[in-house]
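Me: I would like a close look at a single part of this model. Please take me through it step by step, in short sentences.

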Protein chains: 2
Amino acid sequence: MKTYFDCIPCFIRQVLDSVRITTTREEIHEKVLREALCLASEMDLQQSPPVMAQKIHRLIRQITSVKDPYREVKGRFNDVALKLYPKMRQTIINSDDPLNTAVRLAIAGNIIDFGVNSSLQETYLEETIHQCLSEKFDDMQLEPFRNAANNAENILYIADNAGEIVFDRLLIEQLPIEKIIVVVKGFPVINDATMEDAILAGLPKIVEVIDNGSDAPGTILESCCGYFQDRFEKADLIISKGQGNYETLSDINKNIFFILKAKCSVIARDIGCKVGEMIFQKSKAFNGEREDARV
Amino acid sequence: MKTYFDCIPCFIRQVLDSVRITTTREEIHEKVLREALCLASEMDLQQSPPVMAQKIHRLIRQITSVKDPYREVKGRFNDVALKLYPKMRQTIINSDDPLNTAVRLAIAGNIIDFGVNSSLQETYLEETIHQCLSEKFDDMQLEPFRNAANNAENILYIADNAGEIVFDRLLIEQLPIEKIIVVVKGFPVINDATMEDAILAGLPKIVEVIDNGSDAPGTILESCCGYFQDRFEKADLIISKGQGNYETLSDINKNIFFILKAKCSVIARDIGCKVGEMIFQKSKAFNGEREDARV
């Protein structure tokens, strides 16, 4: 997905949110803000939004010397999600269609996105879980997905955020686990999950977990390490979680299923849905179904 | 009021709203957006937000060669307000305290602000009228205001937006009209009222109307013509309508009553109220009640 004009004011708002989480020093807020405005004035709009976000968060880290400003908030949401995990697992096991329920919960977990909403409260997470379990959503792709997962040889599960990764574990447990590699970010950026979060979620005990070597809040293939690129190339089924991964992978010609909550109007417009909708969608760029697909 | 960091993403959003109203050509949207980001990266945050807005809207006019992009929308809201005028006037006349009711309606009219909300619909205006007529609001200043209006020799009524100016007429009619000069903008900027709108509202038939010679969406004294500055200096009571006038006059040591709806979080924080609140407030900068007052 390209960067829409409407992403720009949102970037600037994100810059402020992030730098305020990093430091209370107003002169640093101002310095970062001014430099981000300069960066934004020269950005390549043909690139996806995470390309710009990657630059902005590098800038914040460079100016503030804080490597992982969201560390505390990531820890907090990992804890909250881990507390909810046993009950959610039971809900899945007791449900008529465990895979459907696990997908719904994986979507619910995607509300933990500090790029979109830096003031998310834990209580809202529980509300979102209830809503995602009861709301109607377009599950037309569920049977093709079930078949694809059974028939695939190599499944890549590209995770999104800390906390959310516990919800991902619930879905992973419903899939043929021996074929799955889970991917996290190589370095901290916003509240995206890194290896530390995967370990807290208990994932390496049940599945192979790798990092993508990148500090982008999405999957910019050129920015990822060779090992990840190789696994990406070999995968015959890719599960992509969240907005950042959708934004960076929606034009790639691979067999990708996108799982996310459409939390902003730009994503909603690109997908063709309403803001807030639960999305479980097969890539339109796979096998040329989308004209502007990149191979 | 100085420019807060949170005003910056809002400026960039405003730029997009404005340029989209002006032209459908996306290459122009991009050019304006990039230049506005450059401007914003160098702005003086000690100045009030309308200083930046003035520069941005000059930029849009210069790049697009469209002098008055909001002309159609201003006409539409003048028409809507004029249709509502007889009924609102009757509501005032029939009320227990006509001045109180007229102030409430003047605040309701302030919802017609395309700087804050470029997608305002006419139906929302009627909702706002009902809400402002029934809602509790802090009218502690009403008696001091009534006395000040009776005792003043020269009253300046600084209008805000087109459409809204019809609501201002309702309040002006409840005041000692022979002492009042109404002020509109010297040139079109966003949907701010100019002489054309004052004439449509029928104001010059009942009161003296002048323009301030400026193209700022507020009252930047240095940017106004000498004639206005002289009237401002001589006025012993000033009525200031809307956010832009509050932002530019809140630090000035003059006997000003601000009438507005607090429509954004930055204004609400500066005033110390909630977003959406009806504001009828005497200047805290008058006679040094606010420490950072400018003379």
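What percentage of the 295 residues in chain A do buried residues make up? And once that is clear, what can you tell me about helix α6 (residues 122-134) of chain A?

Reply: A word of caution before the details: this is a predicted model. Now the percentage. Buried residues make up 46% of the 295 residues in chain A.

Next, the setting of the helix. Chain A holds 12 helices and 6 strands. Its C-alpha atoms fill a box of roughly 55 × 45 × 35 Å along the principal axes. Take the contacts in chain A between residues at least 6 apart in sequence: 71% of them join residues at least 24 apart.

Now to α6(A) itself. Start with its length. The helix has 13 residues, and at 1.5 Å a residue they should span 18 Å. The end C-alpha atoms of α6(A) are 19 Å apart, which agrees.

Then ask which residues are covered. In α6(A), the buried ones are A:Leu125, A:Thr128, A:Ile129 and A:Cys132. Seen down the axis of α6(A), these buried residues fall within an arc of 105°, so they line one face of the helix. Turn to the other side of α6(A). There, A:Thr123, A:Glu127, A:His130 and A:Ser134 are exposed.

What does the buried set pack against? The partners are α4 (71-94), α5 (98-109) and β6 (278-282) of chain A. Find these three elements in the view, and you have the surroundings of the buried residues of α6(A).

For contrast, here is a strand in the other chain. Strand β2 (residues 180-184) of chain B is mostly covered, with 4 of its 5 residues buried. It has strand partners too. Strand β1 (residues 155-158) of chain B pairs with β2(B) in the parallel sense, over 4 bridges. Within that pairing, B:Leu156 has B:Ile181 of β2(B) as its bridge partner. Strand β3 (residues 208-211) of chain B also pairs with β2(B) in the parallel sense, again over 4 bridges. Here B:Val184 stands opposite B:Asp211 of β3(B).

β1(B), helix α8 (residues 164-172) of chain B and β2(B) make a right-handed β-α-β unit. β2(B), helix α9 (residues 195-200) of chain B and β3(B) make a right-handed β-α-β unit as well.

Methods
Residues numbered from 1 in each chain as written. Chains lettered and ligands numbered in written order. Predicted model: local features only at pLDDT ≥ 70, side-chain atom pairs only at ≥ 80, totals over all residues. Buried ≥ 20, exposed ≤ 12 C-beta atoms within 10 Å, placed from the backbone. Helix = DSSP H or I, 4+ residues; strand = E, 2+ residues; numbered from the N terminus. Pairing = 2+ DSSP bridges. Right-handed = clockwise from strand over helix to strand, strands pointing away. Contact = placed C-beta atoms within 7 Å. Expected span 1.5 Å × (residues − 1). Arc of directions from axis to C-beta.
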